[in-house]
Amino acid sequence: MFKKVLVANRGEIAVRVIRACRRLGLQTVAIYSEADRESLHLRLADEAWCIGPGPSAQSYLCVEAILSAARLSGAQAVHPGYGFLSENSRFARACREAGLVFIGPTEEAIEKSGNKAVARVLAKANGVPVVPGTEGAFRTLSQAALQKLAASIGYPLMIKAAAGGGGRGIRLTRDPRGLLTDWETAGREAQAAFGDGSLYLERYLERPRHVEIQIAADLEGRVLAFPERDCSLQRKHQKLVEESPSPAVSPRLRRSLQEAACRVARAVRYSNLGTVEFLLSPEGKFYFMEVNSRLQVEHPVTEMVTGIDLVCEQIRIAQGRPMRRRPVKILGHAIEHRINAENPERNFSPSPGRVSKWRPPAGQGVRVDTHVYEGYCVPSYYDSLIAKLICCGKDRRSALARARNALEEFQIAGIDTTLSLHRRILECEAFQRGKVHTGFVEQEFLNHTVPMDPILPKEPHP
Amino acid sequence: MDLSQAKQIIDFIDSTDLMEVYWEKGQERFHFKKSQELSSSGTRLPSKPWRAVASPAVGVFRLGKPGYPGCDDTEGRDLKKGEKLGWIEMGRKVIPVESPAAGRLRRVLIQEGEAVHYGQPLFLIEVPTGV
């Protein structure tokens with residue numbers, strides 16, 4: 001059983017994982033790029049190795065450098081966090097071949113869940129409802145075949161990259177006229193972002209909610225499903241606010257979602273932590289979307305609402321220990337706000353720089369997961385998440401009240417942040433009543449009519 | 001301590017990334033703190049330009065590699081620009097360490113077989129002014 005873990009990530013998640021390791025009495029190794037020399041994670045770890053320059057391709061995405069640091073430090077296991085190499089099956093394989101335990105699913109499970117088209121076929125074959133769409137993905141398709149295919153599925157349509165994620169390589173087409181252009185654009189974007197231009201078509205659901213089920217599976221094949229998270233508040237497919245339980249899910253629907261998630265997990269022979277994402281229509285019908293084969297950004301919502309430390313569970317599973325048998329209970333309500341170093345007034349342009357003032361909120365039911373401290377300089381190389389504020393209470397109303405107070409208390413200066421947008425969201429009546437959908441933020445707060453703006457490639461991030 | 005000594009110390013500190021230094025010897029005390037603007041502007045140059053040769057990768061330092069004779073790490077010898085000073089083994093990859101400029105090898109900070117970080121200073125070389 002491993003005793004020393006290398007954390008192959010940066011930012012708040014590296015801090016989070018190091019804390020879990022310490023709780024389990026494991027030694028930790030941090031890795032960092034030159035741009036992260038001031039970062040908190042390398043101060044909390046037992047040792048830290050500088051592995052490369054700022055750009056992630058030469059540091060946090062460089063498998064050779066990470067494995068070299070693992071070898072030199074004597075680490076026996078690697079935790080990939082989220083983003084970067086967390087869903088890269090080649091990295092998982094390279095770890096195994098180097099004699100390291102990869103704290104995540106097997107290579108085969110990552111591959112099956114990572115390919116959206118394969119996951120979709122598997123879900124459908126196992127009786128899990130999917131959004132009407134093509135079976136499998138296409139690299140090339142004649143114009144006539146494309147038009148015929150689109151007509152058989154029905155408009156509006158989503159064009160999606162088979163290897164996609166993070167909102168790239170996605171296009172919304174409302175009628176046959178724009179189909180070909182959108183198809184070609186999405187193909188180019190997918191090729192540039194993932195090195196794979198394969199695409200598939202799917203019916204676009206109007207005003208759906210995004211709900212997802214956290215699962216945990218041990219090495220003996222036992223699968224456990226947690227209560228759902230509702231992540232309907234998004235901007236350009238990037239989640240902003242997540243809560244659990246969902247205001248739109250009844251106990252009966254929850255059981256159906258959990259059963260469906262477990263079926264998908266068994267179909268891909270899943271192990272370790274993962275998330276099965278669904279779209280929920282306003283009529284209460286759900287459709288399988290995809291499997292995320294990693295720890296997710298919003299995992300603290302589930303932790304706060306169930307009292308279970310998911311990262312500790314994840315590490316225990318990787319150590320080969322059997323999973324907990326106690327039933328998972330919903331203890332109240334939890335909500336997470338992702339605070340980004342971005343300017344909402346200027347189209348969310350990143351705002352790196354020195355944090356001159358940092359006063360995070362605290363108190364009962366208030367948790368802040370962050371790597372930032374006063375005087376820290378937010379580097380420009382990576383994604384702009386600087387903190388996650390998670391608040392919980394006995395019910396949704398009290399959780400929201402705590403979140404409102406905490407956001408008011410939160411003071412950050414020196415950089416622009418999305419704090420103001422989160423305050424506005426909480427003031428919004430429709431949100432308070434739980435009446436939202438995935439296009440809601442863009443519609444209500446950003447005055448966009450179509451939520452599918454072209455998305456420029458940026459750092460890979462969930 | 002006279003003015004020229006103080007200047008030498010300041011120049012030395014400026015050539016590093018140290019932010020603050022206390023120094024005490026007998027009756028003499030010295031406290032140096034870099035202001036943010038100064039450290040980030042980087043416009044001040046030390047009078048004797050010693051440059052660090054940084055490790056190009058995280059791995060194990062080697063003076064030689066199969067098929068190549070070991071590099072000469074005698075302090076005081078002259079170096080050509082791009083001259084090999086050793087290699088870093090990063091897993092299966094072997095990455096050369098090269099002199100960034102022509103000059104004189106002043107200090108060897110590393111030994112054969114030692115583990116090094118990316119960016120770790122391995123050698124100090126003296127580069128003629130104006131290069």
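1. A crossing of two helices is called left-handed if the near helix is turned anticlockwise from the far one by less than a right angle, and right-handed if clockwise. By that rule the crossing of α1(A) and α11(A) is right-handed. The axes of α1(A) and helix α11 (residues 310-318) of chain A come within 9 Å and cross at roughly 65°; axes here are lines fitted to C-alpha atoms, for helices over the stretch in contact, with angles running from 0 to 180 degrees between N-to-C directions. Helices (H or I, at least four residues) and strands (E, at least two) are DSSP runs, numbered from the N terminus.

2. The model is predicted, so local features need pLDDT of at least 70 and side-chain atom pairs count only at pLDDT 80 or more, whereas totals for chains, interfaces and linings use all residues. Residues are numbered from 1 along each chain as its sequence is written, chains are lettered from A and ligands numbered from 1 in the order in which they are written, and side-chain values use heavy atoms, with hydrogens and water left out.

3. Where α1(A) and α11(A) touch (contact means heavy atoms within 4.5 Å), Arg16(A), Val17(A), Ala20(A), Cys21(A) and Arg23(A) from α1(A) meet Leu310(A), Val311(A), Cys312(A) and Ile315(A) from α11(A). The residues of this contact divide into seven nonpolar, no polar and two charged, where Ala, Val, Leu, Ile, Met, Phe, Trp, Tyr, Cys and Pro count as nonpolar, Asp, Glu, Lys and Arg as charged, and the others, Gly among them, as polar.

4. Helix α3 (residues 63-73) and helix α4 (residues 89-97) of chain A pack at about 30°, with axes 11 Å apart, which makes α3(A) roughly parallel to α4(A); angles under 35 degrees count as roughly parallel, over 145 as roughly antiparallel, 65 to 115 as roughly perpendicular and the rest as oblique. The crossing of α3(A) and α4(A) is right-handed. Val63(A), Ile66(A) and Leu67(A) of α3(A) meet Phe91(A), Ala94(A) and Cys95(A) of α4(A), a contact with six nonpolar, no polar and no charged residues.

5. Helix α7 (residues 143-153) and helix α8 (residues 179-194) of chain A pack at an angle of about 105°, again with axes 11 Å apart, and α7(A) and α8(A) are therefore roughly perpendicular to each other. Gln143(A), Leu146(A), Gln147(A) and Ala150(A) in α7(A) meet Leu179(A), Leu180(A) and Trp183(A) in α8(A), and by class this contact has five nonpolar, two polar and no charged residues.

6. The peptide bond from Tyr155(A) to Pro156(A) is cis, with omega near -10°, and Pro156(A) is found in the loop between α7 and β6 (157-165). Another cis bond joins Ser244(A) and Pro245(A), with omega about -5°. Phe84(A), although not a glycine, has a positive phi of about 40° and is found in the loop between β4 (77-79) and α4.

7. Arg10(A) forms a salt bridge with Asp36(A), the closest N and O atoms being 2.6 Å apart; a salt bridge is a side-chain nitrogen of Lys or Arg within 4 Å of a carboxyl oxygen of Asp or Glu. Arg10(A) lies in the loop between β1 (4-7) and α1 (11-23) and Asp36(A) in the loop between β2 (27-33) and α2 (41-44), so the pair ties together parts that are 26 residues apart in sequence.

8. Chain B and chain A bury about 1,100 Å² between them, 60% of it on carbon and sulfur atoms, buried area being the accessible area (1.4 Å probe) that two parts lose on being put together, summed over both. Across this interface the rule finds zero salt bridges.
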